[in-house]
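Hi everyone, thanks for coming along. Let me put the sequence and the model up on the screen, and then we can walk through a few places together.

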Amino acid sequence: MIRKILAIETSCDDTSVAVVTAQGEVLSLVSRAQDLEHEPYGGIVPEIASRNHTSALIPLLEEALKQAGGLEWSDIEGLAVTNRPGLIGALIVGVITAKSLAQSLNLPLIGINHLEGHLLAPFLRDSEFSPPEDFNYPYIGLAISGGHTSLYRIQGLGDYQILGTTKDDAAGEAFDKFAKMAGLGFPGGVRVDHCAHTGNPKAYDFPRSMLHDDSLDMSFSGLKSAAQRLMADLGPVKTKEVLPDLCASYQEAIVDVLLAKLSRAAKRCQMKKIILTGGVSANSRLRERGLLLAQANKYQLVIPPLRYCTDNAAMIGYAGILRLNRGERHSMSLSPSPQVWDGDFQK
Ligand code: KG4
Ligand code: ZN
């Protein structure tokens, strides 16, 4: 049985390394964000992301061992790396590094689907957070990030069914694009969240696409276009003046759709355990209303702390160590893939 794994995550713009135990205990998690480098472009530039991973990764490996209580490489018994889905140039950096380590240290290697990491994040624990004692499979997961917005039924390790997904933009993308239009800058979600604190969520009636649709799919591009039209009608001066109301109303529309679909999924699958994961679950309004929804319906809602919600290597390490311990291995032919693999999810 493998007791400690080192994991690498480079699928998007965060370079992250973690050391995790088979019980999900995070011994160290060190990450380097690249917001400053991408900010001038108003979004993530893949080439810049790859280059930054290249320079950040090696020092983070050493730092992760040090912060895990001064471990040596000989204390590490396995390696996990995000190899799909993501920006291909960014994934290549992590996969090549993990393969080099596996080869030179003679360690077992496993490539992990980034989304599986997000779905298992509620099991992570450290000195400040642990999931409720009785939290376990099966549960409904809503993974909401800049690149993905999907609902899953999580039956057990490797047994994930997609219940619904966005038909166009991801929720995080909807936040980021709105922030860009409103001149709030990058990364957008957190800035919209902040600006919305002093606004009225009922000031503007933004569309809630597919809200009453019986399916569990979602759509956010109509919302973005409505905001664009509204801002054009208001003009730049008025837009700036009413920005808190615009942010609060826009955010409310996204939260309404996300929570309605999450609740519908829980009811349809007759499940009481639900999780929110991915960068957008940092949203304060979503957290607040998610807790109310849980109270009203007696759901057990687990939202991992922010450090495990945003892109991080700890969630990859946990998925990796579980899979290695049930005998799975990847060879040196492991390659990065921009898409998920066939069989990663059931339809
Ligand atoms: O999971 P994540 O860190 O990276 C991806 O895999 O995309 O998620 C990043 C996304 C971005 O779109 C960002 O704007 C959004 O999460 N986000 C937020 C908040 N904090 C981050 N969206 C809304 N409210 C927030 N507080
Ligand atoms: Zn992610």
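Where does Met 210 lie? Met 210 is in the loop between α6 and α7 (221–241); helices here are DSSP runs of H or I with at least four residues, strands are runs of E with at least two, and both are numbered from the N terminus. Met 210 is not a glycine, although its phi is positive, about 60°.

A quick word on what you are looking at. This is a predicted model, where local features need pLDDT of at least 70, side-chain atom pairs count only at pLDDT 80 or more, and totals for chains, interfaces and linings use all residues. Residues are numbered from 1 along each chain as its sequence is written, chains are lettered from A and ligands numbered from 1 in the order in which they are written, and side-chain values use heavy atoms, with hydrogens and water left out.

Now, two prolines. A cis peptide bond joins Arg 84 and Pro 85, with omega about -25°, and Pro 85 belongs to the loop between β4 (78–84) and α3 (88–105). Tyr 137 and Pro 138 are also joined by a cis peptide bond, with omega about -5°; Pro 138 is found in the loop between α4 and β6 (139–144).

Next, ligand 1. Around ligand 1 there are 18 residues, the closest being Gly 146, Asp 176, Asp 193, Gly 279 and Asn 283; to count, a residue needs a heavy atom within 4 Å. Let's look at some polar contacts, meaning pairs of N or O atoms within 3.5 Å. A side-chain N or O atom of Asp 176 is 2.6 Å from an oxygen atom of ligand 1. For Gly 146, a backbone N or O atom lies 2.8 Å from a ligand 1 oxygen.

Which elements give two or more residues to the shell around ligand 1? They are α4 (114–120), α5 (171–181) and α6 (188–196).Finally, at least three residues of this shell come from each of domain 1 (4–129 + 308–324) and domain 2 (139–303), with bounds taken from an automatic or database domain assignment.

Technical notes: Polar contact = N/O pair within 3.5 Å; in protein donor to acceptor, adjacent residues only side chain to side chain.
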